[in-house]
Amino acid sequence: MSDQKRSVAILTSGGDCAGMNAAVATAVKMALYRGCNTYVVREGYEGLVKGNGDAELGGQADANAKYLNDIPLSYNCGDFFRLGDFDGGDSSLSHRYIVQIGWDDVRGWSQMGGTLIGTARCKEFREREGRRKAAYNLIRNGIDSLVVCGGDGSLTGADILRTEWPELVAELRDIGKITDKQAERFIHLHIAGLVGSIDNDLTCTELTIGASTALQRICESLNSISSTASSHSRAFVVEVMGRHCGWLALMAGIASGADYVFIPERPPPDDWRHDLKEKLLKTREQGKRKSIVVVAEGAIDCELEPITSDMVATELRDLHLDTRVTTLGHTQRGGSPDANDRILATLQAIDALEALMEDAPGKPSYIIGITQGRVKRLPLRESIAHNNLLPEAIKEKRFSDAMKLRGKEFHDGIKTFLYNSIQMDGEALSDEPLTIGIMHVGAPAGGINAAARTAVRFCLHHGHTPLLIQNGFKGLIKGQIDKAKWLRVDSWASSGGSELGINRLLPDTDFSGILSEARHNYAPFRIPMIVLPATLSNNLPLNEGITLTRMDEDLNEKASSVYKASFISDIFGKEGGEIFDSRYERLSHQLQGDTPSPLDRVEASRLAVKCCEFLEKHAGSACAWDPPSAMITIRQGEIQITPVAQMVEHADFAYRRGDEKWWSACEQYVDIISGRLSI
Ligand code: ADP
């Protein structure tokens, strides 16, 4: 890192999405924490191109601020951004696009939807002249570091600006717009990208900021549509956003139990009209009263001709189904970000700032993405180039390449959807039909009904007999078991709680007492068994995920026998005196209730397929003394099958968690962005 005090600007560009504010707020706080002059650019690249006109230049206000000691709390931008109305706020700011910002200005932003600093699509920035103006405005305001949060277009723009930067600086010097000294000082632009897009359409990252919330909004709408569809026995064709990416449509299809989906990466068979009608009729024959078809806005057939929701509706009307078309539109973008997007945006913005601080001439610029469940820096140039391969593959009808480029989870998603729907072709019935028991054990966790639904449908596709065991081990002992039919589990895709009934009774008091241990005494237990991890505590040994658990550590009743949340609240109340009051609220069983998040439902379904495949694979060893008994674990984004005995070795039973605190790297950052270290 050079000794020169850095000046960082943050902008949001292109289509807005939930989580952008969390990204901006975190980037601002991290930049301030690292002792930088910190700016936001309003209205994306438009703001960079327009700059501040003749307004007074910023950049000097904190020339003497030192690392950590003088974090500027506020530049009085306050209500200006909060109002989201640039004319109604501080009018002296309304014609300025590059605004210095402080810690207080971004308080409370993380839970707010859209982007408070504004975004725009800027034609001028696509031209070299526009980018030269942008370079001039950055230099004029003393800014040497830029964070861009946007989709593939915005990040392409960032990459072009970075590539052209040295030439732009030289030109500005040659025409006398900047001094030689400025040209020397700003010879390098530090740049980092954050992927904000509801479409989840970048091939370099598993999940973009905003996609999870958009999926949530879509699934909420699909839930509402489902109930009216069922009441009137209607068919609904629902068009969802996603441009050329089918992620939203596919995941919404899985999470809401749709009957058919159309996505660009995997066009339907040539005779899709016939296929669609035949399959929907089959679901009606099973007794279904409603039909839901999800169409991605970029859906195409094998000849690349668009498949529109109206075309689909025409086919359904042919079946004499009372058919309605709904285009969800902009509601998909909006609203408060879900927890997933807040965390993703926060963790990625932290890393974006760290990448900026470590950047130096000659080093690559990075996009911050997520691969194998971990925040990861990806080279900006190569990532953008890689992303262009997908539209090319589709254009050349190389659909299997397009699927590969979308990644393993997308591929698993297709399989999961097909198992759940009637849209499955060519699946052979198993030569060795099995009888598979499905049971919920412990406490309810979001997604367990979706998992059971998928397991039942998988069994039926392969000719196995799915048995539903009610009320956990208690029901198993009492023989509360019945055969599952296709329709019985239909509404389970999105339901909360446990449709099977659940209780905590275990056959023995500790983990080693599970069924596999009893095999030596009871022959019927000598069958393969598998556990699908489902707990809201995210505490299972050998399982990793992305989560910030510091709050949990601090306020969890088990964190300390003395420093309980109620006690800490009392201390705050006492010390707050006249200034603030304190109350204690304990979130407990409500965490287990209501509708599970769509991503939980999708993941649960995906894991259920893996469980069933495991049981099929090991069914041959059913008579052996020691058939496998395993648990699914997820490590670095990879699904693994781990013997239960090995998992037990890694369990910390006293604290009911795994022995590895994989999330501890996040702890220092929680302290920074909560302001704890600054105080
Ligand atoms: P998104 O970032 O959501 O994909 P767009 O594709 O509309 O949205 O891009 C947002 C902005 O990024 C554009 O309005 C433009 O200013 C800039 N941009 C996009 N593509 C380019 C490009 N090839 N060259 C320069 N700027 C670009």
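**Close-up views of the ligand site and a cavity**

**View 1. Helix H6 lines the second largest pocket.** H6 gives the most residues to the lining of this pocket, with six. The model is predicted: local features need pLDDT of at least 70, side-chain atom pairs count only at pLDDT 80 or more, and totals for chains, interfaces and linings use all residues. Residues are numbered from 1 along each chain as its sequence is written, and side-chain values use heavy atoms, with hydrogens and water left out. Helices (H or I, at least four residues) are DSSP runs, numbered from the N terminus. A pocket is an open set of points on a 1 Å grid over the protein atoms alone, with protein on both sides within 12 Å along at least five of seven lines; lining residues have an atom within 4 Å of a point.

**View 2. The second largest pocket has 25 lining residues.** Nearest its centre lie Gly14, Arg121, Arg126, Gly153 and Ser154. H4 and H6 are the elements that give two or more residues to this lining. The pocket holds about 500 Å³ of space. A volume is the space filled by probe spheres set on the grid points, which are joined across faces, edges and corners. By class, the lining has six nonpolar, ten polar and nine charged residues. Ala, Val, Leu, Ile, Met, Phe, Trp, Tyr, Cys and Pro count as nonpolar; Asp, Glu, Lys and Arg count as charged; the others, Gly among them, count as polar.

**View 3. The ligand takes up the space of the second largest pocket.** A molecule sits in a pocket if more than half of its atoms lie within 2 Å of the pocket's grid points.

View 4. A backbone N or O atom of Gly15 lies 3.1 Å from a ligand oxygen atom. A polar side-chain atom of Arg243 is 3.2 Å from an oxygen atom of the ligand. For Arg126, a polar side-chain atom lies 3.3 Å from a ligand nitrogen atom.

**View 5. The largest cavity holds about 50 Å³ of space.** A cavity is a set of grid points where a 1.4 Å probe fits but cannot get out. Of its 13 lining residues, Gly257, Ala258, Asn420, Ser421 and Arg453 are closest to the centre. Helices H9 (247-256), H15 (408-420) and H16 (448-462) each give two or more residues to the lining. Four lining residues are nonpolar, four polar and five charged.

Methods. Polar contact = N/O pair within 3.5 Å; in protein donor to acceptor, adjacent residues only side chain to side chain.
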